[in-house]
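Trainee: I have a model open and would like to learn how to read it. Could you take me through some features, one at a time?

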Amino acid sequence: MEKKKHTTITHPHYACSIGAAYTVSAIPGAVPVINCGPGCVDQQYFTMSFCNGFQGSIGAGGGDIPGTNSGENEIVFGGAKKLDGVIRSALKIMKGDLFVVLSGCSPQLVGDDVDSVVKKYREQGYPIVHAEVPGFKGNNLWGHEEVVISIIDQFVGEQKGRRRKKLVNLWMGAPYFNTFWRGDYIEMKRILEGAGFEVNVFFGSESAGVSEWKNIPKAAFNLVVSPWLNLRVAEHLERKYGQPYLHIPILPVGEEATTAFLRQVVEFAGIDNAKAERFIEKEAARYYYFFDHFADFFAEYWFGFPSQFAIVGDAAYNIALSKFLADQIGLIPVGQIISDNTPVKHRDAVAALYAELSEGVSGNMEFIEDGYLIEKKLSEYDFGSGTPLILGSSWEQDVADEIGALLVEVGTIATEEVVLNRTYVGYTGALQFLEKIYSAAVSG
Amino acid sequence: MARNIQLDLETVENREMRLGSIISWDGSASELVELSRYEERALRHKGCPGAGKNGEGCRLCELNMPFNQQSMCANSIAACQAGNLRDCVLIQHSPVGCTARNPEFNLAFRNGLERRGIKPRNINIMTTNLLENDMVFGASEKLKKAAREAYERYNPKAIFFSMSCSTAIIGEDLSSIAAEMEDELGIPVAPMHCEGFRSKHWSTGFDIAQHAVLRHIVNKHPKKQPDLINIVALWGTDYFTEMLKPLGLRVNYIMDIASFDELAQTSEAACTSAFCHTLGSYFATALEQEYGVPQIRAPQPYGFAGTDAWLRAIAKQVGKETEAEAFIASEHERVKPKIDALRAKLKGVSGFVLTGSSYAHGLISVLRDLGITVDGSVVFHHDPVYDGGYEEQNTLKTLVEEYGDIPHFTVSKTQPFQLPALLKRVKADFIIIRHNGLAPNAARMGIPSFAIGDEHFPVGYDGMIRVGEAVIEVLARKKMNQVLQRHVSLPYSDWWLSQKDPFILAKHPEVLDEAEEVQD
């Protein structure tokens with residue numbers, strides 16, 4: 001008989017679906033409006049942003065997010081009236097091109113008719129969307145997809161005009177949740193543009209804001225670069241606009257992976273590859289200029305650094321960083337723990353990515369969400385006699401101490417890192433990743 | 001005189017009912033002192049708080065705003081109390097999101113352990129991680145399972161349960177499950193009815209956590225420890241020991257960082273005080289009422305006047321008046337030259353204080369003792385009376401009497417959209433702040449912030465020196481804020497930024513129609 005599923009969680013590595021307020025907040029000009037209890041989105045801020053590389057906020061994020069702060073009155077008599085007042089004032093007080101109402105646990109449980117409140121404003125011409133994201137229905141990654149789909153259905157609208165052959169919709173990590181998302185989006189846009197594409201990135205410093213969202217139907221295809229996140233979005237867009245998608249499950253890290261990634265996208269798009277090849281050549285030359293320098297340290301450093309590593313984190317960073325270290329650097333992968341509650345239907349496909357991390361090197365991956373069990377597992381791994389490297393979160397500090405490991409924070413929760421414009425993906429990111437790991441190794 | 005605490009009840013009454021607390025008000029500090037009618041409210045034991053002889057003026061008038069921004073809730077406050085004990089475990093009976101602030105409490109816990117000389121480690125808070133099915137079918141079995149798991153994993157001396165909005169709405173019977181698990185596991189299991197929607201202010205969460213400790217952990221058969229003083233605190237540095245050593249007292253900090261035994265022995269102490277009455281009054285009053293542990297009848301230990309009065313009141317309690325006078329005199333002499341030097345450096349500087357209720361009263365005294373002008377302050381709520389109810393504890397009145405009025409005294413629960421109007425009407429070279437959400441916008445307006453994470457920092461005579469020195473460092477950071485101000489903007493409409501009254505929406509809701517015209 002199958003053992004009953006373990007359900008409690010200590011030290012969660014994700015927020016609840018209200019954390020998807022930060023999916024909205026990451027769109028320049030968009031304003032989340034929270035429809036639930038008085039502390040919900042404030043709590044998520046700490047997991048998503050503040051205690052995740054101290055990312056901070058811009059626009060309508062952090063303390064600036066409007067909310068109903070629903071109290072006893074709204075629970076007993078319904079919260080529609082209070083929500084109406086908050087929306088009405090938010091539309092006047094907040095600067096915004098798009099307002100997204102996120103309804104949490106309490107309005108869902110008491111059965112508020114939120115849609116009709118929001119609809120009234122949409123019919124008056126306000127750019128406003130409603131996403132039902134009670135925390136008991138899923139985590140912030142589920143919420144991210146719900147919010148994106150709600151915006152597509154209630155704001156983007158129907159397809160008008162022709163598709164543009166070189167325009168791509170890029171769907172990758174969840175903003176704020178992926179600690180280095182700002183840098184990741186910059187690098188991914190940079191390399192795709194370098195290869196000859198125009199890119200809708202939707203989030204962060206490189207996004208044109210809501211106008212980019214309006215352009216979704218104009219793209220030739222959707223590019224999903226993540227093991228499972230956003231596949232639901234791409235499938236939805238395929239149904240809605242007949243728009244095809246290309247799914248590349250592993251974020252490229254390092255020259256070889258990034259070059260292969262670009263060639264795959266160019267081939268799928270069927271565009272001329274001359275520009276891409278020129279770009280690749282230049283990028284590769286620069287990459288190896290630095291990688292070559294790094295060889296001295298790697299070959300000659302007398303005082304040792306970790307050779308065996310374990311990783312804890314969301315599926316996207318987990319596979320991308322594991323593959324790079326195993327395949328490009330030759331670190332020995334001891335164990336990989338995916339802590340993001342990957343949906344069951346994607347688990348086999350995600351697991352298959354670990355079958356061969358490099359030629360002759362297979363992974364040892366498990367899905368675990370409970371921090372207690374994660375820490376227990378880490379303490380049981382056999383790292384040999386050297387210093388283990390743990391790529392993980394602040395929750396793994398104690399076990400890292402206990403087994404004498406070097407801990408490098410690469411995901412939610414990260415309170416030992418201040419992250420601004422940093423990325424560990426693409427050409428640039430791989431070098432920053434090496435800098436980070438080996439600076440920690442030589443100073444630790 | 002002290003108010004009536006009802007420890008026989010499963011949960012504590014909300015602050016707004018018990019004390020008449022408000023979260024939205026604007027005026028001068030002296031007006032608020034008058035409207036609070038502290039003494040009158042203190043006399044009432046039951047019924048409508050603050051009702052006068054004829055029942056008039058039940059409530060302190062509040063400004064009802066149609067717009068809100070989010071901040072903390074009672075649930076996360078309860079977690080930051082019961083979840084930060086050294087040998088007890090908190091189980092949050094909730095979906096996973098109600099635990100999302102714990103990483104910050106973990107930072108506070110680790111820092112707190114270090115401040116108190118204990119090896120830092122992570123907090124252990126569990127969540128039952130409730131899903132959709134649990135909302136439909138109930139989740140009591142999951143909670144029981146979690147309690148057994150907590151017991152096996154961590155071998156705790158006590159377990160706390162906390163209620164969330166969703167578990168309260170679906171009617172989870174926390175108290176019965178706690179009683180059942182207490183029997184089964186043989187350790188105290190304390191339920192906390194701290195669902196976020198129940199109180200309009202998060203500080204009710206402090207009372208709920210303290211109520212749980214008082215009912216389930218405090219030693220019911222105390223053996224007196226005449227040299228022990230309880231200090232209700234958060235994660236602050238141990239500055240109290242050196243201040244209380246001359247009076248022959250050992251400090252017992254509660255509740256963050258405390259162990260089960262430290263909580264249990266609170267009923268054995270000689271007396272109780274706190275770094276802030278907002279936080280400590282419920283616990284102190286309950287100990288006084290139930291176990292005869294007197295609470296200190298004094299304002300808080302901030303600034304010269306406050307610290308003097310506080311030390312004298314404690315000394316009187318433990319019969320050390322002579323020692324106290326000698327200590328006070330020598331401390332004044334020791335710190336005076338340093339404070340004079342700081343006053344010279346801080347001449348002409350203006351500050352603005354934004355913190356929880358009575359802590360702000362203390363901080364303003366410290367700033368004014370340093371010669372810093374304080375013409376405005378935001379308190380995140382206002383308790384017109386504390387549970388203690390002693391006249392000597394009326395901290396706002398003491399502040400106004402000792403240091404003069406504060407012309408712009410605002411009660412507002414961390415609403416950043418009000419900040420531009422609030423900061424336009426006073427001069428503020430820096431802000432001093434606890435809680436998140438406001439300082440970043442002050443920063444964007446060119447004003448540096450002193451985020452006072454160690455709440456004990458301003459305590460006592462040395463506290464004034466610490467604050468003065470920190471303010472000088474904070475003022476230097478204005479350079480960064482000026483860069484920000486030159487290049488970034490706030491996320492509010494021009495119409496809103498042109499408003500002068502932060503409470504205009506409550507006073508004249510029709511301005512929203514004007515806004516519509518302006519924007520159309």
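This is a predicted model: local features need pLDDT of at least 70, side-chain atom pairs count only at pLDDT 80 or more; totals for chains, interfaces and linings use all residues.

Trainee: What do buried and exposed mean?

Mentor: Buried means under 20% relative accessible area, exposed means over 50%, and partly exposed lies in between (1.4 Å probe, protein chains only). The areas come from the Shrake-Rupley method with a 1.4 Å probe, and for residues only the protein chains shown count as cover.

Trainee: How many residues of helix 4 of chain B are buried?

Mentor: Nine of the nine, so helix 4 (residues 74-82) of chain B is largely enclosed by the rest of the structure. Among them are Asn75(B), Ile77(B) and Cys80(B). As for the name, helices (H or I, at least four residues) and strands (E, at least two) are DSSP runs, numbered from the N terminus.

Trainee: Is Glu333(B) buried or exposed?

Mentor: Glu333(B) counts as exposed, because its relative accessibility is 64%. Look for Glu333(B) in helix 15 (residues 321-345) of chain B.

Trainee: How do I read a strand?

Mentor: In a regular strand the side chains alternate between the two faces of the sheet.

Trainee: Which strands does strand 12 of chain A join?

Mentor: Two strands pair if DSSP finds at least two bridges between them. Strand 9 (residues 308-313) of chain A runs parallel to strand 12, with three bridges. Here Ala310(A) has Ile390(A) as its bridge partner. Strand 13 (residues 406-409) of chain A is also parallel to strand 12, joined by four bridges. On that side, Gly392(A) stands opposite Glu409(A).

Trainee: What about salt bridges?

Mentor: Side chains of opposite charge can pair when their charged atoms come close. The cut-off: a side-chain nitrogen of Lys or Arg within 4 Å of a carboxyl oxygen of Asp or Glu. The whole structure has 47 salt bridges over all chains.

Trainee: Which residue forms a salt bridge with Arg286(A)?

Mentor: Glu283(A), with the closest N and O atoms 3.8 Å apart. Arg286(A) is partly exposed at 45%, whereas Glu283(A) is buried at 6%.

Trainee: Which parts does the salt bridge of Arg86(B) and Glu262(B) tie together?

Mentor: The closest N and O atoms of Arg86(B) and Glu262(B) are 3.4 Å apart. Arg86(B) lies in the loop between helix 4 and strand 2 (88-93) of chain B and Glu262(B) in helix 12 (residues 260-264) of chain B, so the bridge ties together parts 176 residues apart in sequence. A network also exists: shared partners join Arg15(B), Arg18(B), Asp207(B), Asp383(B) and Asp387(B) through salt bridges.

Trainee: And charged patches?

Mentor: Patches are made of residues with over 30% relative accessible area and no salt bridge; like charges are joined within 9 Å, nonpolar side chains (Val, Leu, Ile, Met, Phe, Trp, Tyr) within 5 Å. Lys and Arg count as positive, Asp and Glu as negative; His and the chain ends are not counted. Each charge is placed at NZ of Lys, CZ of Arg, CG of Asp or CD of Glu.

Trainee: Which residues form the patches here?

Mentor: Lys165(A), Lys166(A), Lys275(A) and Arg278(A) gather in a positive patch on the surface. Strand 5 (164-171) and helix 12 (274-300) of chain A each give two or more residues to that patch. A negative surface patch is formed by Glu256(A), Asp327(A), Glu356(A) and Glu359(A).

Technical notes. Residues are numbered from 1 along each chain as its sequence is written. Chains are lettered from A and ligands numbered from 1 in the order in which they are written. Side-chain values use heavy atoms; hydrogens and water are left out.
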